[in-house]
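User: Please go through this structure with me, a piece at a time.

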Amino acid sequence: MKRLLPVLLLVPLFMACVTNEEEAATRAERIVAQIHDPASRQVLVAAHRGDWRNYPENSIGAIESVIRMGVDVMELDLKLTADSVLVLMHDYTIDRMTTGRGRVSEISCDSIRRCRLRAAHHAGVTRYTVPTLREALAVCKDRIVVNVDQGYEHYDLVLALTEELGMTDQVLIKGKRSVAAVAAKLASHPHNMMYMPIVDILKPKGRALWEEYRREGVVPLACELCWNEPSPEVETCAREIVAGGSKLWVNTMWPSLCGGEAAGMHDDYAFENGVEAYRKVLDMGATMIQTDRPELLIGYLRSQGLHD
């Protein structure tokens, strides 16, 4: 007999309140409704660090740009400053992205914000400064779903901000923790952000994590599937995710995240060889795609009737 107890106990913790799409008043609520609808074939687009080709990554400009494009999810990264302020930064240091130097954890927020952000491809210094999470969330409220990638270790701090701003249901946070660890964390709060596990299926820890979900009978809202080479194991896992009632999230930023160079599924391959490369991702059952080329992907999905 299937073990139902873990499902009954854990699924409500992994899923924020479902919003009926027809009743959704804001754009963000309509996107959240799609995330909660495993039967929907509409494909949601997540912009990796925002529009970093035209603005500094993780900047307010990069966020505003992807909202204008029609992107559904803004993916961002968090670091904690020396005075315990969450700021948007991928690296542990500010060296690559700003005019300053040093580890984020050893610098005050005010000092970091006195630096200017650098543009991509060594294009020079911009007028933008490092935004705090509070500022970024305020820009995103009601307009786009927020995906916190690096930042699960700061769950309580992030949640405190989303609750204060009234946008907890609009935020998706991801991680690689065990089913029990995540359930315990979510159980410690009366209201939670959406949670999505990252499954590196060809790595021992990733395989063990997915086997734990299967064994416990827990159905996450969505699963991020990563793999660096073709394998029947990847195909099986993708089928299990979709058949189980979860959304399948695939990253197309780099070959190492979606099958390697030979698979021809990543963004630069689609840019150089034709957007039909994205069809391979769709054929796997993906309905959430994180990309470094959001305009290209959205254009293709719209041509297929898969995006508003």
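User: Is R114 buried or exposed?
Analyst: R114 counts as exposed, because its relative accessibility is 61%; a residue is called exposed over 50% relative accessible area, buried under 20% and partly exposed in between, using a 1.4 Å probe and protein chains only. Please keep in mind that this is a predicted model, in which local features need pLDDT of at least 70 and side-chain atom pairs count only at pLDDT 80 or more, while totals for chains, interfaces and linings use all residues. Residues are numbered from 1 along each chain as its sequence is written, and side-chain values use heavy atoms, with hydrogens and water left out.

User: Where is the place of R114?
Analyst: R114 is in the loop between helix 4 (109-113) and helix 5 (133-140), where helices (H or I, at least four residues) and strands (E, at least two) are DSSP runs numbered from the N terminus. Its C-alpha atom is separated by 18 Å from that of Y92, a residue 22 places away along the chain.

User: Now D77, why does it count as buried?
Analyst: D77 has a relative accessible area of 1%, and therefore it is buried. This residue sits in the loop that joins strand 2 (73-76) to strand 3 (78-80).

User: And what is D77 in contact with?
Analyst: If we leave aside its neighbours within four places in sequence, D77 is in contact (heavy atoms within 4.5 Å) with R49, N58, V87, L88, M89, H90, D149 and Q150. With N58 there is a polar contact between the two side chains, at 3.3 Å. A polar contact is a pair of N or O atoms within 3.5 Å; within protein, one must be able to donate a hydrogen and the other to accept it, and residues adjacent in sequence count only if both atoms are side-chain atoms.

User: Where is N58 then?
Analyst: N58 belongs to the loop between strand 1 and helix 3 (60-69), and it counts as buried because its relative accessibility is 1%. Its phi is near 60°, which is a positive value in a residue other than glycine.

User: What volume has the largest cavity?
Analyst: Its volume is about 40 Å³, and a search of the whole structure finds one cavity of 30 Å³ or more. On a 1 Å grid over the protein atoms alone, a cavity is a set of points where a 1.4 Å probe fits but cannot get out, whereas a pocket is an open set with protein on both sides within 12 Å along at least five of seven lines, and lining residues have an atom within 4 Å of a point. Grid points are joined across faces, edges and corners, and the volume is the space filled by probe spheres set on the points.

User: How much space lies in the largest pocket?
Analyst: The largest pocket holds about 600 Å³. It is lined by 30 residues, of which D149, K176, I198, D200 and E224 are the closest to its centre. The elements that give two or more residues to this lining are strand 6 (171-175), strand 7 and strand 8.

User: Switching topic, which strands make the closed barrel?
Analyst: The closed barrel has eight strands in the order 1-2-5-6-7-8-9-10, with parallel pairing, and two strands pair if DSSP finds at least two bridges between them. For example, strand 7 (residues 194-200) and strand 8 (residues 222-226) pair in the parallel sense over three bridges. I198 stands opposite E224 in strand 8, and D200 has C226 as its bridge partner there.

User: Why is strand 8 largely enclosed?
Analyst: Five of the five residues of strand 8 are buried, so the rest of the structure largely encloses this strand. A222, E224 and C226 point one way, while C223 and L225 point the other way. In a regular strand the side chains alternate between the two faces of the sheet.

User: Last one, which residues of helix 2 are buried?
Analyst: In helix 2 (residues 27-35), the buried residues are A28, I31, V32, A33, Q34 and I35. What covers them includes strand 1, strand 5 (145-148), strand 7, strand 9 (247-251) and strand 10.
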